[in-house]
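Please open the structure in a viewer and keep the selection tool at hand.

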Amino acid sequence: SDGVLTMPPRRRLSDADRGRALGWLQEGVALREVGNRLGVTHSVIQRLRDRFNNTGSVQEPRRSGRPRLTTRRQDHFVVLSSLRSRTATANTLRGQLRAASNITVSDQTIRNRLHEANLRSRRPAVHPPLTPAHRAARLTWARRHLAWTRQQWSRVLFTDESRFTMSFNDGRIRVWRRPGERFNDAVVREHDHFGGGSVMMWGGFALHHRTPLHQIHGNLNGVGYRDDVLRPVVLPALRAMGQGAILQDDNARPHRARIVNDFLQQQQVTRMDWPALSPDLNPIEHLWDVLGRHTREHLPPNANLARLVLVLQQEWLDIPQNVLHNLIRSMRQRCLDCINANGGHTRF
């Protein structure tokens, strides 16, 4: 609290105080009583006694480095303030500390205190906003599927579509540079904010199967989803998976159109119920990330959109089968993490 911050920093004993403390100890006065007389804790007196017994001197060992400017209470205030406002900058926290305890420190001192508390500045994870209804639906779904076996998950065809652009802007990329080299050609990453063109790709995978990577032309609607995706791509994949195959797709409007529902019922396709705003529960999202990274590595310079599609389709086929296996194995942990988060965001 603010009141705690007004406490003075820990008192340091003078040479005269150390002499008096040793005299009282020799007279048989208890450690705690000596500390009370000098206004320090008994542990300070205990260290003084141990130092004298080991070295024959009451002088403190020479300290290296700059003296610490903040007390433990002030350090706790900085940490607590950062936890209450996770986006606060070091400069903001420094101002709050100055207003609360009338002490001026540098931004680096603030960062040092946060680092000592194992707090690091990182880019925040980005997830869709979840309402209480969304969280309840996610929690119900996770509980219902937590006990599913690997054999049950192997019958699910996970599907989704994803957009890929000619110009990839990966925020995880770092460069090594010297001072003054920020705008040097060697360390500048050129990126077209308009993406240089893009393609929409649709795919699906199961434990032992994967569909062809299918390009979607134009805006996808219910008719296009039925005629361009479900009929030519999904149905053959489900038949290849055999009896008991289950289709998973999300709640995008084209996927839930009436003509799509009627078509799937006519084809006797079993569809998995799916909670809204749950990309973290769909393992194909990780597959898109793998595909994007592999494509960036193999896409030739100055490639056009047609070449991008060909590279995407080839890299999709080249993804090792063990990657698919690992993603299917992750389903139980995804459910468990969702339950532990009470339907909230997970690490996936």
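Select Asn302 to begin: at a relative accessibility of 82%, Asn302 counts as exposed, a term that denotes over 50% relative accessible area, whereas buried denotes under 20% and partly exposed the range in between (1.4 Å probe, protein chains only). The model is a predicted one, in which local features need pLDDT of at least 70 and side-chain atom pairs count only at pLDDT 80 or more, while totals for chains, interfaces and linings use all residues. Residues are numbered from 1 along each chain as its sequence is written, and side-chain values use heavy atoms, with hydrogens and water left out.

Asn302 lies in the loop between H11 and helix H12 (305–318); helices (H or I, at least four residues) and strands (E, at least two) are DSSP runs, numbered from the N terminus. The phi angle of Asn302 is near 60 degrees, a positive value in a residue other than glycine.

Is Gln268 buried or exposed? Its relative accessibility is 73%, so Gln268 counts as exposed.

Now turn to the salt bridges, each defined as a side-chain nitrogen of Lys or Arg within 4 Å of a carboxyl oxygen of Asp or Glu. How many salt bridges does a search of the whole structure find? The search finds 17.

Select Arg138 and Asp280 as one example: they form a salt bridge whose closest N and O atoms are 2.9 Å apart. Arg138 lies in helix H7 (residues 132–145) and Asp280 in the loop between strand S5 (270–271) and helix H11 (284–298), so the pair ties together parts that are 142 residues apart in sequence. Both residues, Arg138 and Asp280, are buried.

Continue to Arg256 and Asp249, another salt bridge, with 3.0 Å between the closest N and O atoms. Arg256 is partly exposed, at a relative accessible area of 25%, whereas Asp249 is buried, at 0%. A further selection of Arg68, Asp75, Arg113 and Glu116 shows one network, joined by salt bridges that share partners.

Within that selection, keep Arg113 and Asp75, which form a salt bridge with their closest N and O atoms 3.2 Å apart. This pair links distant parts of the chain, as Arg113 is in helix H6 (residues 107–116) and Asp75 in helix H4 (residues 72–84), 38 residues apart. Arg113 and Asp75 are both buried.

Extend the view to the whole of H6, where Thr109, Ile110, Arg113 and Leu114 are buried. Why do the buried residues of H6 line one face of the helix? Seen down the axis of H6, they fall within an arc of 140 degrees, so they line one face; the arc is that of the directions from the helix axis to the C-beta atoms. H4 and helix H5 (90–101) are included in what covers the buried residues of H6. After H6 comes Asn118, whose phi is positive, near 65 degrees.

The last stop is Ser82, found in helix H4. Ser82 is buried, with a relative accessible area of 9%. Leaving aside neighbours within four places in sequence, Ser82 is in contact (heavy atoms within 4.5 Å) with Leu93, Leu114 and Leu119.
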